[in-house]
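This briefing describes a single protein chain for computational work. Please consult the sequence and coordinates shown next alongside the points that follow.

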Amino acid sequence: MTEGFLLEFTNNIIPVKKEVTAFLKKRLLYFIAAVILACGIMAFTDGVIMPGYAAKSAVKIAVFLIIPLLFARFFKETDLTSFLRFSKSGLKTALLLGAGIYLIITGGYFALSGIIDFSKIAGSLSENAGVTKENFLFVSLYISFANSLLEEFFFRGFVFHNAKNLSGRKFAYIFSAGAFSLYHTAMMLGWFSLPVFALALFGLFAGGIVFNRLNEKTGSVYTSWFVHMFANFGINTVGFILLK
């Protein structure tokens, strides 16, 4: 079933010889495995080991940088640089969209705080992630600027860009956004009831689609990084309120 799935996507790229198609199939298979491995390591770290935030961040930096570098080491055609160029195109749109998302997140919290119990988030941040009142400022700044850029490099740069080159736009959009939403699963366990949890995952998937589209238009991950940054500003504002 996997072989047929891979063959379908590789055959949709260009009509290549059988031996070349087999190589592309193998490369795509290893690519999917590399992305799943990275997300799996982070899910295990978040959901099972649950170290302090500094240790978790160190693991994430290592995983989201080393796995793409190792993949590029074995498959020379892997692109890890073209999407890192800065582009002014779409910057204004990204900033306006980011500001809108910030207002939606913070406004949504105040609008739904009487309906949804957000108190579990504060407890989870303190007990599982080691985020406290004392280190919250540092953590929030790191999440907003550094962590968001790291995730954009991995999910929108390495994953989306190379998935599109390997198998086409449709698969790249779905696979990148799906990996991005599932990657957040372990860290959000216990935060919400099941329906709200499912809605949050859908929101992350939709956000991943939007981020991919922004970057595809500009050819740069910095476009989605600005939006991602503002989304984290909103989340951190809510976290600041919850931690009082």
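**Nonpolar cores**

The largest nonpolar core has 33 residues, of which Phe 31, Val 35, Phe 64, Phe 154, Phe 155 and Phe 158 touch the most other members. At least two residues of this core come from each of H2, H3, H6 and H7, and H6 gives the most, with nine residues. The model is predicted: local features need pLDDT of at least 70, side-chain atom pairs count only at pLDDT 80 or more, and totals for chains, interfaces and linings use all residues. Residues are numbered from 1 along each chain as its sequence is written, and side-chain values use heavy atoms, with hydrogens and water left out.

- A nonpolar core is a set of buried Ala, Val, Leu, Ile, Met, Phe, Trp, Tyr and Cys residues joined through side-chain atoms within 4.5 Å.
- Buried denotes under 20% relative accessible area, exposed over 50%, and partly exposed the range in between (1.4 Å probe, protein chains only).
- Not counting residues up to four places away in sequence, Val 35 touches Phe 154, Phe 158, Val 159, Phe 175 and Ala 179; a contact requires heavy atoms within 4.5 Å.
- A second, separate core of eleven residues includes Ile 116, Phe 118, Phe 192 and Leu 201.
- In soluble globular proteins, nonpolar side chains tend to be buried together.

**Overall architecture**

- The protein chain contains ten helices and zero strands, giving the pattern α-α-α-α-α-α-α-α-α-α along the sequence.
- Helices (H or I, at least four residues) and strands (E, at least two) are DSSP runs, numbered from the N terminus.
- Of the 244 residues in the protein chain, 46% are buried.
- Among contacts between residues at least 6 apart in sequence, 79% join residues at least 24 apart.

- Six salt bridges are found in the whole structure, each defined as a side-chain nitrogen of Lys or Arg within 4 Å of a carboxyl oxygen of Asp or Glu.
- One of them joins the side chains of Lys 56 and Asp 46 (3.3 Å, N to O).
- Lys 56 lies in helix H3 (residues 53–74) and Asp 46 in helix H2 (residues 18–49), so the pair ties together parts that are ten residues apart in sequence.
- Both partners are covered: Lys 56 is buried, with a relative accessible area of 10%, and Asp 46 is buried at 9%.
- Not counting residues up to four places away in sequence, Asp 46 touches Lys 56, Ala 186 and Met 187.

**Salt-bridge network at Glu 216**

- Salt bridges link Lys 164, Arg 169, Arg 213 and Glu 216 in a network.
- The side chains of Lys 164 and Glu 216 meet at 3.3 Å, N to O.
- Lys 164 lies in helix H6 (residues 136–167) and Glu 216 in helix H9 (residues 194–218), so this pair ties together parts that are 52 residues apart in sequence.
- The side chains of Arg 169 and Glu 216 form a salt bridge of 2.7 Å, N to O.
- Arg 169 lies in helix H7 (residues 169–183), so its pairing with Glu 216 in helix H9 ties together parts that are 47 residues apart in sequence.
- Glu 216 counts as buried at 19% relative accessibility, whereas Lys 164 is partly exposed at 24% and Arg 169 is partly exposed at 44%.

- Thr 81 lies in the loop between H3 and helix H4 (91–112) and is exposed, with a relative accessible area of 59%.
- The C-alpha atoms of Thr 81 and Gly 157 are separated by 8.5 Å, although the two residues are 76 residues apart along the chain.
- Helix H10 (residues 221–242) has 22 residues and reaches 31 Å from its first C-alpha to its last, close to the 32 Å expected at 1.5 Å a residue; the expected span is 1.5 Å times one less than the number of residues.
- Ser 220 caps the N-terminal end of H10, with a side-chain oxygen 3.2 Å from the backbone nitrogen of Tyr 222.

Terms used. A polar contact is a pair of N or O atoms within 3.5 Å; within protein, one must be able to donate a hydrogen and the other to accept it, and residues adjacent in sequence count only if both atoms are side-chain atoms.
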